[in-house]
Amino acid sequence: MGVKNCQHPNFIAEKQLAKEQEHLEGFAAEVTWATHGGRDELPERLAIRPTSETAMCPHFAKKLRSYRDLPLKLNQWCNVVRWEFTHAIPFLRSREFHWQEGHTAYLTKAEAEEEIYQVLDHYAAVYEELLAVPVVKGRKTDNEKFAGAEYSMSIEAFIPAVGRGIQTATSHHLGQRFSEMYNIEVDGPQSTATGAKEKLHVWQNSWGLSTRSIRVMIMVHGDDHGPVIPPRAAEIQVIIIPVGITAKTSKED
């Protein structure tokens, strides 16, 4: 897909996170704050990233100048912290989890939306071809969409033991909300009446797959005796258990 790896800071300044109000409100109850550096109180609280849109947007604003710089496709593997005040469950709703998060920018909405579905197909393939977990693709309701997104797409798996579905990966179309907030604009291919290049805000996406995939795999295939790992994901493919051997068995036998 032409995505390049990157790494961005784990800490986000409060004023940076507060720029996008809907984004902040969506995570407010889960944000973990750093208030001291050693023994010294920090002049401004730092959020331990719940996600990285607000950390990466300033980079986009500095890097992108022309429509020829697009698309910009970045991905980072990192840990994020979302402080679950209810019952934290390992690999399902844990307070710290590992994931990859892709962040991309396009010249047009049509190009950005094409990627949303392409990524969703890749995520579905991870579950179905590697973890042997069937999934359903669909659009989240407005109440369930990612905070600050125009809309969110997801893949959902069915957990037979409880008879419920579970979100397994998401792909979000952010529209121009963040690009307008952080002034991420490029010179367009067309000129204005004065001869100057038109300024265009980019269209953005973000998408992520986390260690929840491990939990979903175990919930779908495991039982009370322990986890069952599908062949393509299993580290150990075969275990040989000798049976019928006693103290009287000869070496030849």
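**Figure 1. Largest nonpolar core of the predicted model.** The largest nonpolar core of this predicted model comprises 25 residues. Within this core, Phe60, Leu64, Ala105, Ile184 and Val202 touch the most other members. Two elements, α3 (53-63) and β5 (72-81), each supply at least two residues of the core. The greatest contribution comes from α3, with 5 residues. In general, nonpolar side chains of soluble globular proteins tend to be buried together.

**Figure 2. Surroundings of Leu64.** When residues up to four places away in sequence are not counted, Leu64 touches Asp69, Leu70, Leu72, Ala105, Ile184, Glu185, Val186 and Val202. Of these partners, Ala105, Ile184 and Val202 are also named, with Leu64 itself, among the core residues that touch the most other members.

**Figure 3. Largest pocket.** This pocket has a volume of about 1,100 Å³ and is lined by 42 residues. Nearest its centre lie Arg82, Leu92, Arg93, Gln167 and Arg212. At least two lining residues are supplied by each of α2 (21-27), β6 (96-106), β8 (151-159), β9 (164-175), β12 (203-210) and α6 (212-221). Strand β9 gives the most to the lining, with 8 residues. By class, the lining of the largest pocket consists of 15 nonpolar, 15 polar and 12 charged residues.

**Figure 4. Second largest pocket.** The volume of the second largest pocket is about 220 Å³. Its lining is formed by Met1, Val3, Asn5, Asn75, Trp77, Gln100, Val119, His122, Tyr123, Val126, Trp207 and Leu209. Each of β5, α4 (109-130) and β12 supplies at least two of the lining residues, and α4 gives the most, with 4 residues. The lining of the second largest pocket divides into 8 nonpolar and 4 polar residues, with no charged residues.

**Figure 5. Largest cavity.** The count of cavities of 30 Å³ or more comes to 1. The largest cavity has a volume of about 40 Å³. It is lined by Glu53, Met56, Cys57, Phe60, His103, Leu174, Gln204 and Asn205. Phe60 is also one of the residues that touch the most other members of the largest nonpolar core. The elements that give two or more residues to the cavity lining are α3 and β12, and the largest share, 4 residues, comes from α3. By class, the lining of the largest cavity has 4 nonpolar, 3 polar and 1 charged residues.

Definitions and conventions
Residues numbered from 1 in each chain as written. Predicted model: local features only at pLDDT ≥ 70, side-chain atom pairs only at ≥ 80, totals over all residues. Heavy atoms only, no water. Core = buried A, V, L, I, M, F, W, Y, C linked by side-chain atoms within 4.5 Å. Buried < 20%, exposed > 50% of the residue type's maximum accessible area, 1.4 Å probe, protein only. Contact = heavy atoms within 4.5 Å. 1 Å grid on protein atoms, 1.4 Å probe; cavity = no way out; pocket = protein on both sides within 12 Å on 5 of 7 lines; lining within 4 Å. Points joined across faces, edges and corners; volume = space filled by probe spheres on them. Nonpolar A, V, L, I, M, F, W, Y, C, P; charged D, E, K, R; others polar.
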